[in-house]
Amino acid sequence: MNRVAVLMSTYNGKKFLCEQLDSILSQTNVEVEIFIRDDGSTDGTKEILDKYAVKEGIHVDYAENVGVGNSFMNLLYSVPSDFDYYAFSDQDDIWMDCKLCEAIEMLRKSGKMLYASNQECVDGDGKSLGLRYEPEKYIHLKPEEIVSRNMISGCTMVFTKEFFKILESENHRPSFALLLNRIHDVWVAAVASLYDAIVYDSRAFIKYRQHENNVVGAYDGGLKKRTKERMKKVMHKQYRNGRSMLAKELISCFPDIVDTHPLLKICAGGKSGILKNRKVLRSYTGESAFAFFAKTILGLF
């Protein structure tokens with residue numbers, strides 16, 4: 001039976017945490033161990049984790065707050081390398097009991113290293129809101145597509161030991177600053193895309209909970225939330241240039257692979273090259289011509 005390490009970062013997640021942990025522990029046809037890094041919770045999450053930590057196969061580390069992206073990757077670097085497969089988990093979703101075995105089967109048949117899937121969106125009460133993506137939806141799997149607009153969620157990811165070793169290698173680790181700007185799932189998806197290693201499943205084996213405290217969600221939250229996100233980028237330098245920063249770090253960490261992806265170098269190279277290639281890049285971002293031009297000129301690409 002395959003051994004799977006499930007990696008979860010928690011932060012003030014007491015409301016839905018028990019339901020998610022129970023759904024992971026109920027996975028069929030696999031042996032699961034859960035590794036949890038609490039990112040400085042203050043709401044009672046630690047008390048819940050203390051109760052689960054006494055169970056066999058659950059490991060909890062209480063750590064300082066570094067943000068979701070750095071928390072997940074710091075956890076990955078600390079996990080043993082002897083598992084057959086690895087998976088990321090959010091703290092507030094619900095997994096169907098066959099999620100892991102279905103992912104492993106697709107990885108085995110495809111020969112790929114990273115599995116990702118669709119999601120069934122649900123509200124705070126668990127009521128279905130429908131699939132995040134229609135089954136026929138084109139999903140970005142190429143590096144330049146993912147850099148421009150990632151469509152793959154970390155909470156659906158399952159990956160092989162081989163890919164785990166690529167990610168945890170010290171010369172392949174992204175900077176702290178990048179993971180504040182572009183979180184772990186964007187980095188992991190982009191790295192896998194360099195190796196043409198992603199298999200995407202249009203089916204959903206996860207109930208992806210949408211609520212007011214989501215760090216990242218399927219819905220944009222309306223004009224007020226979009227405006228707040230845009231102002232954060234304008235006011236705080238560390239949140240700008242996320243796409244070009246991601247491209248630069250991929251080039252730095254994987255110099256022998258990126259030569260086959262010239263658009264990555266264009267994304268990393270500055271405003272003039274981005275604007276010269278705006279037609280193809282904008283087809284990936286889905287932005288209007290004006291929005292793309294403005295973001296590039298203002299240093300927000």
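A residue counts as buried when its relative accessible area is under 20%, as exposed when that figure is over 50%, and as partly exposed in between, using a 1.4 Å probe and protein chains only. The model here is a predicted one, where local features need pLDDT of at least 70, side-chain atom pairs count only at pLDDT 80 or more, and totals for chains, interfaces and linings use all residues. Residues are numbered from 1 along each chain as its sequence is written, and side-chain values use heavy atoms, with hydrogens and water left out.

Now for the charged pairs. A search of the whole structure turns up twelve salt bridges, a salt bridge being a side-chain nitrogen of Lys or Arg within 4 Å of a carboxyl oxygen of Asp or Glu. Glu 287 and Arg 243 form one of them, with their closest N and O atoms 3.5 Å apart. Glu 287 sits in the loop between helix 13 (278–285) and helix 14 (289–297), while Arg 243 belongs to helix 10 (residues 242–253), so this pair ties together parts 44 residues apart in sequence. Helices (H or I, at least four residues) and strands (E, at least two) are DSSP runs, numbered from the N terminus.

Another salt bridge pairs Arg 209 with Glu 19, and here the closest N and O atoms are 2.9 Å apart. This one links distant parts of the chain: Arg 209 is in strand 9 (residues 198–209) and Glu 19 in helix 1 (residues 17–25), 190 residues apart. Arg 209 is buried, at 2% relative accessible area, whereas Glu 19 is partly exposed at 40%.

Asp 259 and Lys 265 also form a salt bridge, their closest N and O atoms being 2.7 Å apart. Asp 259 is exposed, with a relative accessible area of 52%, and Lys 265 is partly exposed at 41%.

The axes of helix 6 (residues 161–168) and helix 8 (residues 184–194) come within 11 Å and cross at roughly 115°; axes are lines fitted to C-alpha atoms, for helices over the stretch in contact, and angles run from 0 to 180 degrees between N-to-C directions. That makes helix 6 roughly perpendicular to helix 8 (under 35 degrees is roughly parallel, over 145 roughly antiparallel, 65 to 115 roughly perpendicular and the rest oblique).
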